[in-house]
Amino acid sequence: MNSLTATAVGKRYRARWAVRDCGFAIPEGKVVALVGPNGAGKSTLLRMAAGLSRPTTGELKVFGTPVQGRIHPDVAFLAQERPLYHDLTVRELVRLCAAMNDRWSTERVREVLGLQAGVDHNAKVGSLSGGGRTQVAIALALGRLPRLLLLDEPLADLDPLARDETLRIIMTEVADRGTTVVMSSHLLSDLHEVCDHILLIDEGRVQVDGDIQEVLARHRILVGPAAGESTVEGTLISATRTERQSTLLLREAEPAPRGWASTEPDLESLVMGYLRASRERRNSAQHK
Amino acid sequence: MNLQRRPDQVLPVVAEGLGKKYRRGWALRETSLVIPGNRVVALVGPNGAGKSTLMGLITGLLRPTTGAIAVFGDRPAGRGLHPAVSYLAQQKPLYPQFTVTETLTFGARTNPTWDQRYAEHLIAQAGVPMGAKVGTLSGGQRTRVALALALGKRPGLLLLDEPLADLDPLAREAVLRTLLTEARSQGITVVLSSHVLAELEGVCDHLVLLHKGRILLAGDVSRLSANGVPLGELALRHMRAAAQGEAA
Amino acid sequence: MIWASWRQQRLQLITLLGLLVVGVGAIALLRSSMLDSITSSQLTACVTQPLQDCAVPEAAKAFQEEWSNPLDMARLLIICVPALIGVFIGAPLFARELEQGTYVLAFTQSVSRTRWMLSKLVIALVPALVVLIALQYLVTWWLSAAGTLGPLKNGAFTALNFGIAHASPVGYALFAFALGTFLGVVSRRTLVAMTAGLGAFVVVRFALSGLVNSLVPTQRVEGTPDRQLTVHEDGSLVLADGYLDTAGQPVPEDEVNALIQACKTTPAGAGTPESQQEFLACLPKSGLAKQYADVIGESQAWQVHLADVAIFGGLAVLLLAGTAWVLRRQN
């Protein structure tokens, strides 16, 4: 069964569509990298899946049940702004969440907090650094013992060590309990380590959806003389050109002609290529 | 664009026994540090390690509790930023109602050493429309405007607190490229704090690693990672060792 | 969930308790000081007698001058507390969570939005009402110790006396609170909810006071035109008055004024006893047979209070339902 499915999901705020006609299906147990430029609709999608806002069109389903204005009991959500009550201590905040949840494990929360350096249980949440608050929020999300974990920029405020620890915690969660994870992030190098599925959203639409290895295998990066670009066959995603040389990102590429070097892209190059393409589309649309 | 005329002997930052104590404890302790000129310095460390405190002491926004610090040979006197120092805070403070043009005018009015043409060049390079209100710009564009504001006063030392946070991969790449280009061409020393070491690898040539208010590691990358260990890996190893040393 | 709401509103509840303690202490002290003043001025008997029967009128006057201000302050306190409840307890209740974004934490736990909302409401409202009722009781206790020498003698329907009696303060407090919470969820900004709530409360409170009166059946009291009806002085609420013609129908006001003017211009000189008698004889002849007044007697005051609570309480219920609806739809 799919942990999260979207069918023609759209969300409009006044005149602007934040998300438009999105469709995807995420199998259980996958770790999904949700990527795209800022304002692409990643946070909006995650919030809709968490039941915080309702789609204008379409429908989201979690484990087969439609999401209707409240969070599914098997889902936990980490919001980008890390909403926490600043005048409570960490201990009191844990107790607060325990009181607000049916299924809860305080031991799991303590375990996760213990794995992360530098969170004092008696400190007021407001006195913690941005990274400390992120760690607390992640621990609270895991205390719900979720089957689907939705994380909006979980690594954003964390220093390298904390990022390392958090990724480790997520991986253990996936390995031990088969939790499905959907995490949005800009830090592509970190994502590549843990994710096996990619969902690329841009301008509110799904541009890439699939297993990372398969997606990468379907693309090629070709480097060659700028003059010879017309000889290259395949769907061009984006190109960077200097006076003499072109670097092309292609999908379903034919074998490269002579004089061109062909490699399989890594996650960063792939995502950057799509982001460049959308930026060019945006710029040319503005100049029209 | 003429190079900044600064005598090579005057180092951007010399700190000796520098310390800062708050009510809750020492944020920075017994720190002695030299930042050589013309470097792009990565300031790394866990949250609470003292990065913002160190930046505050360099800019003169904070007063040291112990020790002394000299920026281009002068002691920060707490009377406003040293004219040769520029600081970009993490939240990239700009007035959302101002247009980009008005923001640059603000920079011109508040900085005696302002170079309007240079600032406009940076804005044009970033592709940001001059007439747009700052509040309507994207995160990446706002960062570029804030950077133009910081560079427009032609500093000798540029401090950036987490400039890449909240930016998507394309914007990060663009900002780092601009920083590197301008630092090299203008002879500016750049100190930037960031958590993402992987992308600093091609850009930074000097590392300062802080942990709990003390310096764990400081030096040119070429010297520190003589055997070619990447910057990120190096820092991570030291941070892990320090954390374990504490737990023990 | 109860602990959760208590912990979040802990500071507020402790402040309320502190205010209650201060209020109790102050009122008790002032009341006993006032009683001392009464006994030392030999006014004890006067307190239960009508003012004109008082044996020591100068002492009574002095007492009133000394104590009317504190007693007025006490009444004003009970008038203001409902508004303060709306502004400081109702308005920030949800506005702060929405403003700071912490509602996202609550909405992504298993507790239903309605249960979360109810729990916060109850923990905020109940102690506030308890403090209000306690203060109301204490102030009334103090006021009644002054008896006819105090403001209560003015009758149950004066603005300050009515607004502090019976269940009316609780009704106003419920309305102010519900108004505050509703404006809070709609505006999502604490300061806006507080100021708009205060403004709207004051406006509605005054706009509706006339409406309340018209909901209670009145009695018609009639009398001869020669002297003023007693109801104007005995504390009853007069909603309409005027003259009746011989058929028992009310005479329109402009006609009444014209007829009275006509009767005033009689041949005899003005101000003499004959002219007075002639004036009074003239009125029935012109068609102004009797005076009348539609009144609500003081003993009926409880009915007006009931209508008051029904209206303001009803509005409160509507606003709370609106608050719940907005929270559930929160996007």
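Start by selecting helix α1 of chain A: it gives the most to the lining of the second largest cavity, with three residues. (Helices are DSSP runs of H or I of at least four residues, strands are runs of E of at least two, and both are numbered from the N terminus.) A cavity here is a set of points on a 1 Å grid over the protein atoms alone where a 1.4 Å probe fits but cannot get out, and lining residues have an atom within 4 Å of a point. This is a predicted model, so local features need pLDDT of at least 70 and side-chain atom pairs count only at pLDDT 80 or more, while totals for chains, interfaces and linings use all residues. Residues are numbered from 1 along each chain as its sequence is written, chains are lettered from A in the order in which they are written, and side-chain values use heavy atoms, with hydrogens and water left out.

Now show the rest of that lining: A:Leu4, A:Phe24, A:Leu34, A:Leu45, A:Leu46, A:Ala49, A:Leu60, A:Val182 and A:Leu199. (Ala, Val, Leu, Ile, Met, Phe, Trp, Tyr, Cys and Pro count as nonpolar, Asp, Glu, Lys and Arg as charged, and the others, Gly among them, as polar.)

Next, the largest cavity, with about 130 Å³ of space. Select A:Phe77, A:Ala137, C:Leu105, C:Thr108 and C:Gln109, the closest to its centre of the 15 lining residues. By class, this lining has 12 nonpolar, two polar and one charged residues.

You've now met chain C, so colour by chain. Chain A puts in 28 residues and chain C 25. About 2,400 Å² is buried between them, 54% of it from carbon and sulfur atoms; buried area is the accessible area (1.4 Å probe) that two parts lose on being put together, summed over both. Pick out A:Leu52, A:Tyr85 and A:Met100, which supply 28% of the area that chain A buries against chain C, more than any other three residues.

Zoom in on C:Arg7 and A:Glu92, whose side chains meet in a salt bridge at 2.8 Å, N to O. (That term means a side-chain nitrogen of Lys or Arg within 4 Å of a carboxyl oxygen of Asp or Glu.) Then highlight helix α2 of chain A, residues 90-99, which gives the most to the side facing chain C, with six residues.

The rule finds two salt bridges, and one of them joins B:Glu173 and A:Arg276 (3.6 Å, N to O).

Last stop: the second largest pocket, about 1,400 Å³ in volume. A pocket is an open set of points with protein on both sides within 12 Å along at least five of seven lines. Select A:Asn38, A:Arg282, B:Ser138, B:Gln141 and B:Asp168, the closest to its centre of 47 lining residues. The lining divides into 15 nonpolar, 20 polar and 12 charged residues.

Terms used. Contact means heavy atoms within 4.5 Å. Grid points are joined across faces, edges and corners, and a volume is the space filled by probe spheres set on the points.
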